[in-house]
Amino acid sequence: MTKALEFYEKALPLFLQTPEKAASQAITLNNMANVYLNLGELRKALDIFLKSLDLKKEEGRSRAITLDNIGAVYNLLGEYQLALDYHTRALASFRALGHRRDEAAALNNLAWFWENVGDPEKSVECLLQALPLVKEAGNKDEEARYLSNAGHFCFLMGNYQQAFEYANQALNLSRATNNHRAETGSLTVLCEVYPYKGEFKKALDACNRVLQASQGDKDRLHKATMLTALSRIFEQTGDMRKAIESREAALAVYREIGDPTGELTTLQALGQLALDGGDLVSARERIERAIEMTEALRVKVESHQLRSTYMASRQQVYESYIDLLMQMRKQEPEKGYERTALQVSERARARSLLDLLAESRVEIRRGADPALLEKERSLLERLNAKDAAWKQLRNNERMKRQADEIAREINEVNTQLQLVEARIRASSPRYAELTQPKSLTHAEIQNRMLDENTVLLEFALGKNRSWLWAVTPLAISTHQLPSRQEIETAARRFYKLLIARQPKKGETETEYQARVAVADEKFSQEAGAMSQMLLGPIAAKLDREWKGRRLLIVAGGALEYLPFAALPPPSEKTYQPLIASHEVVNLPSASVLAEIRRESAVRQPAAKTLAVFADPVFELNDPRVIATAKRKAPGKNLVVSVRSADASPASAPLTTNPDLARAVRSFNRAGFSRLPFSREEADKIAEFVPKGSLLKATDFRANRTMAASDELSHYRIIHFATHGLLNSERPELSGLVLSLVDENGKAQDGFLRMREIFNLRLPADLVVLSACQTALGKETRGEGLVGLARGFIYAGADRVVASLWQVDDLATAQLMKSFYRGLLQDRKRPAAALRAAQLEMLRQKRWSSPYFWAGFIMQGEYK
């Protein structure tokens with residue numbers, strides 16, 4: 001390869017004498033950069049690729065190839081935002097040119113990008129788009145390579161059988177075409193997969209064949225990959241010495257070539273191996289360096305969505321660090337390692353929300369490039385339209401191909417939107433001045449976040465063991481809990497019992513009563529077991545010293561689905577929920593509470609008291625539509641026609657808004673029924689507020705335009721009593737459903753989307769989401785549940801009351817009446833008012849089941 005570089009260097013000045021000097025130089029530079037890339041000299045390769053790009057002024061295949069190559073190098077260097085930008089530009093160019101084989105290559109490179117940021121599922125999606133393109137071209141070599149890559153990404157997802165199948169397809173294809181390099185690639189994947197099938201001898205045989213075939217190969221990145229695969233085999237067969245040696249050798253290679261992602265992953269693995277082997281000094285050195293690198297790579301990503309994805313993929317290193325610190329505490333209990341572990345737990349939590357809250361103070365769109373803001377608006381419109389079209393086609397087998405194509409386009413538009421949002425931040429003078437928020441120290445949590453009547457309970461779930469920190473202003477205690485799997489299995493079982501009273505479609509009354517009776521029999525036992533598992537170590541404190549104190553809950557994983565208020569104290573023999581003795585408030589992290597307080601301290605309080613939205617008009621055949629039409633056209637015969645995109649046109653309500661139709665079908669609903677008790681709810685709440693301080697938006701006024709208006713910024717409390725829609729896979733497509741029909745009987749956009757909620761400015765003391773599952777969202781490791789409640793906190797609310805399951809309409813009306821009486825008439829704090837309302841429900845036989853009152857939780861400020 002060095003000889004090739006010598007010839008290229010000599011050729012460069014000669015091209016200056018030719019008519020096509022710039023083009024010839026660019027091609028030569030591109031070739032030189034590829035050589036340096038194969039040698040693992042990434043920075044040198046990048047510099048030369050960029051020089052080559054400067055010479056390629058015109059759009060075309062050659063320029064697109066260089067863009068893609070630059071993206072690949074940035075990916076290897078851990079410059080993920082730049083990598084995504086260049087890869088996306090290259091892919092768009094190849095598609096515009098109609099070069100399908102190049103398009104496949106760009107998709108393959110994008111697949112590696114998504115693997116590096118921690119989303120192997122998207123990697124597989126990219127390759128499933130690329131494979132038909134190379135099959136169409138009849139390129140067996142590339143087909144084998146892409147099949148191998150798909151196998152690798154399936155392996156990372158934990159889908160070992162699919163990985164094995166892809167690797168075998170690739171192996172057979174490469175042998176049929178006598179392509180030794182592709183054969184080596186497929187054997188490499190088999191090295192990874194065989195140990196998880198328990199076939200260690202086959203794994204070692206495959207690795208040895210790859211190593212023999214690679215002798216003399218100067219591809220150092222491939223060498224590091226093989227050393228990593230070998231290390232896994234040795235680890236699983238119990239040969240820890242060889243496992244560590246292989247990882248150490250891989251680490252040296254990653255450092256030589258300047259691959260920070262490979263280095264970070266290897267440091268993390270070596271740290272875990274050292275921790276498992278009891279070498280705490282080495283473990284600390286490796287794990288702390290891995291965390292430093294994680295933090296450094298994270299801040300290079302402008303897109304918050306991409307940051308969340310990246311941090312989710314790096315949670316294991318924080319878990320390992322907490323485990324390490326707690327092991328060190330056993331050896332030196334006086335050193336305060338449990339306090340450092342608490343700080344690590346905070347660093348791992350809700351970091352993107354913390355960034356967003358800091359960003360919300362500076363209004364980054366002010367002063368941003370207007371062209372970028374217009375591009376963002378255009379992409380949002382496209383995203384909504386594409387997603388609506390996909391939902392219409394996805395359940396139609398005859399339209400599957402079209403639906404798959406639209407799904408691909410949705411992913412690409414969403415990626416483009418992430419890039420534009422990142423550029424808006426980069427172009428904003430306000431964002432440039434913004435400092436990154438820092439997670440709190442243990443001392444800051446104790447001194448600034450807690451009062452003498454408050455206890456913080458922070459949970460960190462781990463693979464082998466979990467931890468609970470109980471924090472007061474004067475003390476911090478730490479307690480070991482079971483593994484994540486054990487806790488989350490129990491939590492899901494308990495949640496299922498909590499919601500057993502939800503009716504099931506097609507269920508008879510007898511069947512319903514029988515099912516509920518069985519659930520009730522199991523409930524007390526499961527509730528006690530769940531409480532013992534989570535709170536057992538602090539049972540004595542809860543019974544005596546902390547009795548009556550407020551509990552701040554920072555949960556994680558499946559624990560975020562649990563209403564802790566419904567758990568009994570661990571020492572109780574008969575069921576009596578925690579809320580009987582404790583006020584309970586949830587937080588994404590203690591650091592998020594600090595950011596909420598910082599924002600609240602500098603703003604003026606709203607002048608008016610309450611804005612309430614209730615009883616929207618969802619259907620054209622709603623009596624209110626007909627009555628309004630009669631008033632406007634007396635004496636005329638009115639015919640109301642109701643149409644639906646579903647099979648039975650007469651049965652479904654009108655849902656013409658594309659976003660709404662999409663979300664409705666996502667939840668297998670034909671439409672929305674009226675919520676008659678939501679009007680009663682609004683009427684009862686309004687009784688506590690003077691008319692001059694009240695906005696009561698019901699019927700047609702309960703619409704999206706009103707909800708998105710600046711008018712709401714004048715009210716301290718915002719209350720929504722309507723349907724909520726949750727999309728747990730794409731939280732940005734979740735929202736609240738407001739009036740779908742206007743006073744003239746015309747369909748209108750009534751869906752207040754997540755992205756619109758994020759852009760609201762609501763300096764509110766409280767937002768109440770009296771709708772189904774509004775506390776839930778997409779579960780992202782490290783971030784928690786990303787959903788509507790988070791959106792309103794970002795919009796400026798100090799606290800949000802939201803629901804964990806599909807709430808009962810009448811029970812909710814009763815609960816909210818009591819809540820607002822306590823809040824507005826008795827002048828209780830919001831958390832105290834919610835507790836009082838829930839206790840009132842608990843004492844009534846009809847509503848005593850936690851299903852009716854425990855679903856609503858409070859997130860945010862407790863004061």
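Me: Helices are DSSP runs of H or I with at least four residues, and strands are runs of E with at least two, numbered from the N terminus. How many helices and strands are in the protein?
Reply: The protein has 36 helices and 16 strands. This is a predicted model: local features need pLDDT of at least 70, side-chain atom pairs count only at pLDDT 80 or more, and totals for chains, interfaces and linings use all residues. Residues are numbered from 1 along each chain as its sequence is written, and side-chain values use heavy atoms, leaving out hydrogens and water.
Me: What share of the residues is buried?
Reply: 57% of the 863 residues. Buried means under 20% relative accessible area (1.4 Å probe, protein chains only).
Me: Now helices 14 and 15. At what angle do they pack?
Reply: About 150°, with the axes 8 Å apart. Axes are fitted to C-alpha atoms over the stretch in contact, with angles from 0 to 180 degrees between N-to-C directions. So helix 14 is roughly antiparallel to helix 15 (over 145 degrees).
Me: Which residues meet there?
Reply: Helix 14 brings several, including P260, L264, L267 and G271. Among those they meet in helix 15 are L280, A283, I287 and M293. Contact means heavy atoms within 4.5 Å.
Me: Next pair. How do helix 9 and helix 10 cross?
Reply: Helix 9 (residues 160–176) and helix 10 (residues 180–193) cross at roughly 155°, and their axes come within 8 Å. That makes helix 9 roughly antiparallel to helix 10.

Notes. Parallel < 35°, antiparallel > 145°, perpendicular 65-115°, else oblique. Buried < 20%, exposed > 50% of the residue type's maximum accessible area, 1.4 Å probe, protein only.
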